[in-house]
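Hi everyone, thanks for making time today. I'd like to walk you through a structure, one chain at a time, and then look at where the chains meet.

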Amino acid sequence: MCYIAAEEKDKHMREHIIIRIVSKFFCPFIQLYAFYVIAHGDLGPGGGFQGGVILGASIILYVIAFGMDEGRKRLSQKASDIFISTGVLIYAGIGLLCILAGGAFLEYAELPLGSHHLASHLGIYGIEIGVGITVAFVMITIFFETAKKERFDRQS
Amino acid sequence: MIDVMLLLIIVVCAIFALFMKDLLSATIILGIYSFIMATIFTRLNAVDVAFTEASVGAGITSVLMIAALSRTKRYEYHYTKLQRRKPSALFLKVISLLLVIITGAVLVYGTIDMPEFGDPEAPANKHVSPRYIAESEHETSEKNIVTAVLAGYRGYDTLGETTVIFTAGICVILLLRRRINT
């Protein structure tokens, strides 16, 4: 019985070899593009939200190709749960730091980072990263929890 | 010309998505719909909105719908001829057609009062927009006005949006996560 299951598994593996190799090959490029979008939100279109969605999509692509168990091996449930709240915490934390530095909530220019110009720039940069982290990991979590496990693990 | 073409493709996509019995195909067609919508936003010079539409509307929404489909059936329920000809079903159809026509008429009536597209004298372009265009780089030291508005002027709103997404994630975890007793 166990032997037949292993054989079945092997057969499916071979069937999906193109999908797996292509998605494995594209994953790092998509993630790099996601980081580019998050980092260049102040110069071009995009920003934390769009970059976060692209980052989440890259991991979802990996999960669709390799199955949920393989995906959870790469990104544990605990880690994604922690990252969900880390993003919001970064955002609200920067806001509170602004209050501690003597400004209003989210008044980035008051952060003690050299000039007002630099402080405001870095503050906005920080919150974009926070938005990106939360959005990416919420999308991943929604996918993991919504999709039926058996449907995606059949081929792995 | 090309705008009219794109709008026509959108209408065709919407009609096809409605009549498709295979829900996976309908999801893919909705993805195409979002992608053409993103093209239209690019034509309107709203690049940030187009980017969001392409990544969220065409990308993530399709994937999440496919994930939801993996829990339900792929094909729509097929009504028999007898079920479709029942008086109650016909009545529902007439009512929904009337409702759609009335809603459409109200929306079209609402657009009559709207200012000309891109009119510089429109109230929306006279109140805060000049301030953003003139001062945003100096006030928030951001070159992209959209980012300056989202993260600078409306930073509190964006925090709220992020919290909404966070709450959505928490709710999905609370409702759907299966607990494994060890």
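Here is what I'd like to show you about this structure.

First, some housekeeping: this is a predicted model, where local features need pLDDT of at least 70, side-chain atom pairs count only at pLDDT 80 or more, and totals for chains, interfaces and linings use all residues. Residues are numbered from 1 along each chain as its sequence is written, while chains are lettered from A and ligands numbered from 1 in the order in which they are written.

Let's start with chain A. Which pattern does chain A follow along the sequence? It reads α-α-α-α-α-α-α, with seven helices and zero strands.

How much of chain A is buried? Of its 156 residues, 41% are buried, that is, 20 or more other C-beta atoms lie within 10 Å of the residue's own, with C-beta atoms placed from the backbone. Now for contacts, meaning pairs of residues whose C-beta atoms, placed from the backbone, lie within 7 Å. If we take the contacts in chain A between residues at least 6 apart in sequence, 66% join residues at least 24 apart.

On to chain B. Here we have nine helices and zero strands. The radius of gyration of chain B, taken over C-alpha atoms, is 22 Å, well over the 16 Å that the globule rule gives for 182 residues, so chain B is more spread out than a compact globule. That rule is 2.2 Å times the number of residues to the power 0.38. Along its principal axes, the C-alpha trace of chain B spans about 70 × 60 × 30 Å.

An automatic or database domain assignment divides chain B into domain 1 (1-78), domain 2 (84-114) and domain 3 (118-182). Between the C-alpha centres of domain 1 and domain 3 of chain B there are 24 Å. In chain B, 20% of the 182 residues count as buried. As for contacts in chain B between residues at least 6 apart in sequence, 42% join residues at least 24 apart.

Finally, the meeting place. Chain A brings 42 residues to the contact and chain B brings 37 residues. On the chain A side, the elements giving two or more residues are helix H3 (48-66), helix H5 (77-100), helix H6 (116-146) and helix H7 (149-153). H6(A) gives the most, with 16 residues.

Conventions
Contact = placed C-beta atoms within 7 Å. Helix = DSSP H or I, 4+ residues; strand = E, 2+ residues; numbered from the N terminus. Buried ≥ 20, exposed ≤ 12 C-beta atoms within 10 Å, placed from the backbone.
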